[in-house]
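Me: I've got this model open and I want to know what backs up each label. Could you walk me through them, cut-offs included?

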Amino acid sequence: MDEKRRAWLAERRAAVVAEYDDEAPTYDEDEYPVPLHASFVERLLAMCPPGGLVLDAPCGTGKYFAQVTRSGRRVIGADQSAGMLAQARARGLAEDLVHVGLQELAFEAAFDAAMTIDAMENVPPEDWPLVLRNLARALRDGGPLYMTVEESTEATIDEAYRSLTEAGVPAVRGEVVEGDVAGYHFYPSRDRVVGWLADAGLEIVDEELDQQEDFGYRHLIVRAR
Ligand SMILES: C[S@@+](CC[C@H](N)C(=O)[O-])C[C@H]1O[C@@H](n2cnc3c(N)ncnc32)[C@H](O)[C@@H]1O
């Protein structure tokens, strides 16, 4: 990666942290409907032993903590935003909360299941392999990982790429920084995601696409092959 792109990505990551720190106190007032997300959390929990430990990374304000603890499982949250973690802490449900980025997660065989919900869009392509390795390493005995992958329209992606490159920004296709993207989104194709998962030794065991008008969420449960 050249220095200009490295610096730009570092600046974008800082913008994402600042955006969520700012939004944190009011984040839960603006809840979006997530029935399929909740259904996938349920499917993940069904694959996790009773009393098992779930990593919610990034947990944000801990929207899914109660669903986990109601099911008789325990939860530890992690996030790079101190503001979001403060909200998560106020729920009083997590066994622990860790201020750490997905790129720096260092857990080893510590969890029975993990979930990475509505967050991979903040991860640049260069970091996907590292983040997947970190999540896979955190799981014991091939435990399942539920992750969402946001999708956008080709028109949005093309327009963002055109305007960023015209402005001299060292962006790659799929990156968007304007609009409702918390400072940075990257939308990989399904093929690219499947390739990264395979390289991390992960296979898809459940998948659904929730397609809305101008965006979609691909829901995946993966586990070590
Ligand atoms: C849209 S919120 C979703 C939070 C939670 N998973 C949920 O579904 O409510 C995105 C969260 O991802 C966190 N985040 C984004 N990029 C991250 C990274 N590289 N490492 C750790 N946390 C990150 C943000 O701070 C924010 O709390």
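Predicted model: local features only at pLDDT ≥ 70, side-chain atom pairs only at ≥ 80, totals over all residues.

**Checking the labels**

Me: What separates Arg162 and Glu159 in helix H6?

Reply: About one helical turn, because they sit three residues apart in H6 (residues 154–166). Helices here are DSSP runs of H or I with at least four residues, strands are E runs with at least two, and both are numbered from the N terminus. Residues are numbered from 1 along each chain as its sequence is written, and side-chain values use heavy atoms, with hydrogens and water left out.

Me: How do you know that Arg162 forms a salt bridge with Glu159?

Reply: The rule asks for a side-chain nitrogen of Lys or Arg within 4 Å of a carboxyl oxygen of Asp or Glu. For Arg162 and Glu159 the closest N and O atoms are 2.7 Å apart, and that passes. By this rule the count comes to 17 salt bridges.

Me: Why is Arg162 called partly exposed?

Reply: Buried means under 20% relative accessible area, exposed means over 50%, and partly exposed is in between (1.4 Å probe, protein chains only). Arg162 has 39%, so it lands in the middle class. Glu159 is also at 39% and gets that label too. As for salt bridges that share partners, they join Glu151, Arg190, Glu207 and Arg218 into one network.

Me: What makes Arg6 and Glu3 a salt bridge, and how far apart are the closest N and O atoms?

Reply: They are 3.4 Å apart, so the pair makes the cut-off. Both residues lie in helix H1 (residues 3–23), three residues apart, or about one turn of the helix. Arg6 is partly exposed at 41%, whereas Glu3, at 54%, counts as exposed.

Me: Which parts does the pair Arg43 and Asp206 tie together?

Reply: First the bridge itself: the closest N and O atoms of Arg43 and Asp206 are 3.1 Å apart. Arg43 lies in helix H2 (residues 35–46) and Asp206 in strand S8, so the pair links parts 163 residues apart in sequence. Arg43 is partly exposed at 25%, and Asp206 is partly exposed at 23%.

Me: Why is Ser81 called buried?

Reply: Its relative accessibility is 1%, so it falls in the buried class. Ser81 sits in the loop between strand S2 (74–79) and helix H4 (82–90). Leaving out residues up to four places away in sequence, Ser81 touches Val17, Tyr20, Asp21 and His99, with contact meaning heavy atoms within 4.5 Å.

Me: What makes the side chains of Ser81 and Asp21 a polar contact?

Reply: A polar contact is a pair of N or O atoms within 3.5 Å; within protein, one must be able to donate a hydrogen and the other to accept it, and residues adjacent in sequence count only if both atoms are side-chain atoms. The Ser81–Asp21 value is 2.7 Å, so it qualifies.

Me: Which strands stand at the edges of the sheet?

Reply: The sheet is open, with seven strands in the order S3-S2-S1-S4-S5-S9-S8 and mixed pairing. S3 (96–99) and S8 (202–211) each have a single partner strand, so one side of each lacks a neighbour in the sheet. Neighbouring strands are turned by 20° against each other on average, direction ignored.

Me: How do you know that S4 and S5 pair?

Reply: Strands pair if DSSP finds at least two bridges between them. S4 and S5 have three, in the parallel sense, and Leu145 in S5 is the bridge partner of Ala114. S5 (residues 145–152) also runs antiparallel to S9 (residues 215–224), joined by eight bridges; there, Glu151 stands opposite Gly216.

Me: What makes S5 largely enclosed?

Reply: Eight of its eight residues are buried, so the rest of the structure largely encloses S5. Leu145, Met147, Val149 and Glu151 are on one side, with Tyr146, Thr148, Glu150 and Ser152 on the other.

Notes:
Axes fitted to C-alpha atoms, helices over the stretch in contact; angles between N-to-C directions.
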